[in-house]
Structure formats: C-alpha cells, structure tokens
Amino acid sequence: MNHEKSTTHLHPHDTESSKHSRRVTIILAVILCLLIAGLSVLIVNKEERKVREQTTTQSTQFKDVAFDSTVEWNDEYRLHVMYPITNQGQLDKTARASIDEYVQSFREAVATKPKGSKPYELNMLGSVNYASKTAINFMYTGTWLIDGHKSNLAVNMLFDRTNGKEIRTSDLFKDSAYLQTASDTARKELPGILGSLNYNKTLVENGTTPTTAHFDQFEIIDNKSINLVFEPGQVANVSQGVIKVPVPLDSLNSDLNDAVVGEIFPAYVAQVEAAAKAQAEAAAAAKKAAEEAKAKKSPSASLPANGNTDCTKAKCIALTFDDGPGPGTASILDTLKANNVHGTFMVVGSRVAAGTSLVQREHAEGHDIGNHTWDHGDLTNMSIADAQSEVDRTNQAVANAVGKRPYFVRPPYGAYNASVLSAIGMPFILWDVDPDDWKDRDADIVYQRVMAGAKPGAIILSHDLYPTTAAAYQRIVPDLIKQGYTLVTISDLLDISPSNAPARTFSHQP
Ligand code: ZN
C-alpha cells in the first residue's frame with residue numbers, strides 16, 4: 001500500500017532524489033553511530049570520575065559528642081572530613097563553617113588540578129580532648145596534599161557550649177599583656193622541648209613575637225595548665241609537626257580573665273578526675289586480666305598463648321582491627337578475652353594519645369599491635385620522607401604507651417609500592433577477607449561476610465570503630481572456634497617477629 005502510493009506520486013526527478021535521500025540516510029546513520037560512540041565514551045569517562053561518598057557517624061569518649069565523618073573520593077581526589085555534632089546547634093554550625101573553609105580551598109585546588117596528576121588529598125580528622133557542660137575543645141589534625149606537596153594541619157577549636165561561640169586564646173585574658181608572657185614562656189621552653197638537633201633560634205624568635213596571630217591556638221591540658229599550640233613550621237621545621245608548649249595558668253594569673261576561666265576550668269576539674277578514674281579502672285582491669293591469663297596457663301590450658309601456635313599444623317585465622325583505638329575497641333577486647341583468643345590491632349598513631357588505656361589493654365591482654373600510620377594518608381601519595389615520618393611517629397606513640405614498637409605496617413587503603421615498602425623496611429600486612437564493615441553498619445551482614453570468607457590461613461580485615469562491628473564479633477569469634485579455627489595474632493600466623501620482619505607484603509599464605 002505504501003509502496004503503491006509512493007510509486008503513483010513519482011516525479012521525473014524521483015530516481016535521483018531517492019538516491020540522494022538514501023545517501024542522506026547513510027550519512028545520518030554514520031553520524032548517529034559516531035554520536036552514540038562518543039556519548040558512551042563520555043558516559044564511561046563520567047563513570048570513572050564519579051565521586052563516591054560515604055558519611056558515617058562516629059561516637060567519641062563523650063556521650064553527647066559525636067562526629068559526622070564524610071569520605072569522598074574519585075580518581076582525582078580524596079577528601080575525609082569530620083564535623084562535630086553536639087547538642088548545641090549554633091556550635092555545630094560555627095565549627096562546620098570553620099572546617100568548610102579548608103574544604104572550600106581544597107575544592108578550588110581540585111578544580112584546577114592538572115589531569116592525570118596524582119590525586120589530591122585532604123584529611124581533617126577531629127577528636128575531642130575535653131568536654132564539659134560549659135566548654136568543649138576539638139583538636140583537628142590532618143594532611144593536605146596538593147600537587148605533590150604535603151603539609152600538616154593542626155586546628156584547635158574551643159567553644160562555649162552555653163552559647164555556641166568559639167573561645168579564642170585572647171578571650172582567656174583581660175588584655176593583650178598575656179602575649180608578652182606567652183612569648184617569654186615559649187622562648188624559654190622551646191630549646192628544651194625541641195632539643196639541640198631541632199632548635200633553631202631564628203625560627204623560634206620569628207614564630208613567637210608577641211602577636212595575636214602567633215598565639216591564637218591553645219588547648220586545655222589539666223585544671224592548672226594550657227598548651228600553647230604552634231602550627232607545623234611556625235617554631236621549627238615543618239617535619240616536626242605541631243609543637244606544644246605547656247604553660248601553668250599560675251604564671252599567667254595576673255593576665256587571666258577570671259570570668260571566662262572560671263567558666264571553663266571548674267567543669268574541667270570534674271572531667272579530668274573522671275578520666276583519671278576511668279583510666280585507673282581500665283589499668284586495674286588490664287592487670288586483673290593479665291593475672292587471670294597467667295593463672296590459666298596451667299598445663300591443661302586448651303588454647304595456646306600468643307606466640308606458641310604452629311600454624312603449619314593448626315587451622316589458624318587472624319582477626320585484624322584497623323583505625324582504632326576507637327568506640328568499638330573495648331567491646332572487641334572483651335569478646336577476645338571471653339573466648340581466650342588473640343587478635344591484632346592496627347592503630348592510627350594520632351589516636352593513640354587519646355586512647356592510651358585501650359592500647360595498653362590490647363598489649364596487656366596479649367594482642368599484637370600494628371602500625372596503621374599517623375593520620376591514615378595514602379603512603380603512595382606522599383614523599384618517601386613523609387611516609388617514613390607517618391610510620392615513625394606512630395611507632396613512637398605506641399612505644400610511649402606500651403614500651404614496645406610495632407614491627408609491621410598495615411598501609412591505609414592497602415596502598416603501597418616498591419619504593420615505599422623498601423623505605424619503610426617493615427612487613428606490610430594486607431588482608432584476604434574484607435567485610436566492608438565501615439560501609440555496611442549491620443552486625444548480621446558483617447557476620448555473614450566474615451564467616452563466608454573464613455578459610456585456613458586467612459587474614460580478616462575489620463575496624464574497631466563501629467559498635468556494629470563489635471557486635472558482629474561477639475558471634476564471629478565463638479563460631480570460628482566452633483569450626484575448629486585457632487584465632488591467632490599476625491605474628492603467629494605469618495611467623496614474623498621483631499628479629500624476623502622482612503620488608504614485603506603478606507596476605508593469604510597457602
Ligand atoms: Zn584504615
């Protein structure tokens with residue numbers, strides 16, 4: 001019918017014109033194909049550049065204070081920022097705005113990043129070192145990696161919780177006379193703090209002239225003292241990081257603004273006392289546990305103590321917990337202890353000071369402690385000197401807490417290369433089973449994934465930050481034992497020790 005219709009209306013030029021329209025059709029089809037191909041390339045490219053994002057809530061040692069932890073990453077950049085959440089909305093807003101100034105500068109840098117260059121990175125990791133009803137102190141440490149240059153960040157934020165306003169160092173004092181006292185104190189103390197190797201008189205004098213900008217950061221350390229906090233590079237070489245100078249409040253007495261100080265410190269006294277009590281209790285519990293473990297070491301003890309398992313014969317498996325000490329650590333320690341087994345904690349150096357009693361308990365109860373770097377940066381995304389410093393500082397922090405240095409590393413993100421490995425010179429412990437417990441905060445899912453992945457010789461990765469992970473391990477540990485597994489430390493599984501610690505990677509050993 002159609003055909004008939006078209007033939008009846010043929011014009012003399014129709015043959016020529018139908019040839020022409022066929023040619024047009026072919027050209028159109030080719031253009032269409034090219035368009036589709038082009039579009040799909042675009043879509044694939046877009047897929048590769050797609051930003052992945054994850055926001056989670058992290059609790060702190062203070063009940064009414066938490067952090068929203070946001071991680072964003074794609075091929076171009078990695079951004080990890082923690083925003084405080086308190087019961088004071090205005091405070092949260094102000095804090096977020098200060099932090100977002102860094103984020104904004106970072107995004108601007110990313111926008112002009114040359115294509116194909118190494119990913120840019122901003123980590124702003126928060127912790128609370130003091131919280132009372134009237135005041136709260138946030139410490140931010142972080143790293144900033146742009147265009148191959150790395151710098152360290154140290155931001156201290158003290159807030160009045162009654163009105164949400166930020167308290168600056170200058171608020172602590174009646175007038176600017178404190179600047180001279182602070183400058184004198186810093187100049188007197190810094191030679192001893194830095195040591196003869198790192199003390200540079202010119203640098204110190206330039207960084208401590210009595211100006212507000214030089215003394216705008218401080219932190220509370222106890223009910224009698226504050227720390228003056230100096231940015232990396234301010235009073236010593238950048239590689240020395242943040243430098244702190246303790247100053248007794250007594251020495252500033254005549255300069256202090258009694259109203260502000262009175263508001264902050266009385267509450268702090270109670271908090272310090274409570275923290276000291278908690279630490280004493282944790283130490284007593286650790287001592288008791290060590291005594292119990294000693295008592296249990298009778299000839300009939302069913303499970304071998306750490307260091308005594310021959311994993312060529314036993315059906316071994318190693319549980320490893322990263323990123324702590326954190327909110328899940330105590331519960332996981334309880335579970336391991338209740339089942340009389342051992343695991344490995346890969347600690348982040350910058351968290352060790354705030355969680356010293358937990359790290360001490362890990363050590364006292366016979367678990368291995370591994371090095372998960374100072375602030376969780378990608379070791380392949382920084383200079384070799386910085387990578388070494390990440391590991392060294394963490395080793396030192398652990399040694400300060402428990403008297404022993406870790407001798408193996410878990411590289412953040414599992415990222416490593418040959419030059420990093422050889423420069424660090426320690427075993428890099430990877431993993432075989434990753435239940436994605438940071439992504440899926442669901443004890444059942446974590447349980448199922450770990451049990452499904454378990455096999456003799458395997459290294460299991462998890463994070464002692466999350467209560468859901470801790471809950472999952474309350475079932476995982478006894479169930480693995482039921483399946484005949486011996487739960488051992490990394491040293492036992494891989495047969496490594498401080499004197500046998502080759503610089504290579506380890507994962508599943510067949
Ligand atoms: Zn980690």
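**Fold, rings and charges**

Tutor: The protein has 15 helices and 17 strands; helices (H or I, at least four residues) and strands (E, at least two) are DSSP runs, numbered from the N terminus. This is a predicted model, where local features need pLDDT of at least 70, side-chain atom pairs count only at pLDDT 80 or more, and totals for chains, interfaces and linings use all residues. Residues are numbered from 1 along each chain as its sequence is written, and side-chain values use heavy atoms, with hydrogens and water left out.

Student: What percentage of the 510 residues counts as buried?
Tutor: It is 45% of the 510 residues. Buried means under 20% relative accessible area, exposed means over 50%, and partly exposed is in between (1.4 Å probe, protein chains only).

Student: Among contacts between residues at least 6 apart in sequence, what share joins residues at least 24 apart?
Tutor: That share is 66%, where a contact means heavy atoms within 4.5 Å.

Student: On to rings. How many aromatic pairs are there?
Tutor: The count is 12 aromatic pairs. Rings of Phe, Tyr and Trp (its six-membered ring) pair if their centres lie within 6.5 Å; planes under 30 degrees apart are stacked, over 60 edge-to-face, and the rest tilted.

Student: Why is the pair of F321 and Y473 called edge-to-face?
Tutor: Because the ring planes of F321 and Y473 stand at 75°, with the centres 4.9 Å apart. This pair links distant parts of the chain, since F321 is in strand β11 (residues 316–322) and Y473 in helix α14 (residues 467–482), 152 residues apart.

Student: Are F321 and Y473 buried or exposed?
Tutor: Both F321 and Y473 are buried. Another edge-to-face pair is Y407 with F408, at 5.3 Å centre to centre and 85° between the planes.

Student: Why does Y407 count as buried?
Tutor: Because its relative accessibility is 18%. F408 is buried as well, at 1%.

Student: Which rings link into a cluster?
Tutor: F67, F138, Y140 and F159 do, through ring pairs.

Student: Which charge lies over the face of Y447?
Tutor: That is R475, at 3.9 Å from the ring centre. The charged end of K113 also sits over a ring, that of Y120, 5.6 Å from its centre. The rule asks for NZ of Lys or CZ of Arg within 6 Å of the ring centre and within 35 degrees of the ring normal.

Student: Switching to salt bridges, how many are there?
Tutor: There are 15 salt bridges, each a side-chain nitrogen of Lys or Arg within 4 Å of a carboxyl oxygen of Asp or Glu.

Student: Which residue does E390 bridge to?
Tutor: E390 bridges to K150, with the closest N and O atoms 3.0 Å apart. The two sit in distant parts of the chain: E390 in helix α11 (residues 384–402) and K150 in strand β6 (residues 149–160), 240 residues apart. E390 is buried, at a relative accessible area of 3%.

Student: What about K188, is it buried or exposed?
Tutor: K188 counts as exposed, at 63% relative accessibility. Its side chain meets that of E189 in a salt bridge (3.7 Å, N to O), and E189 is partly exposed at 30%.
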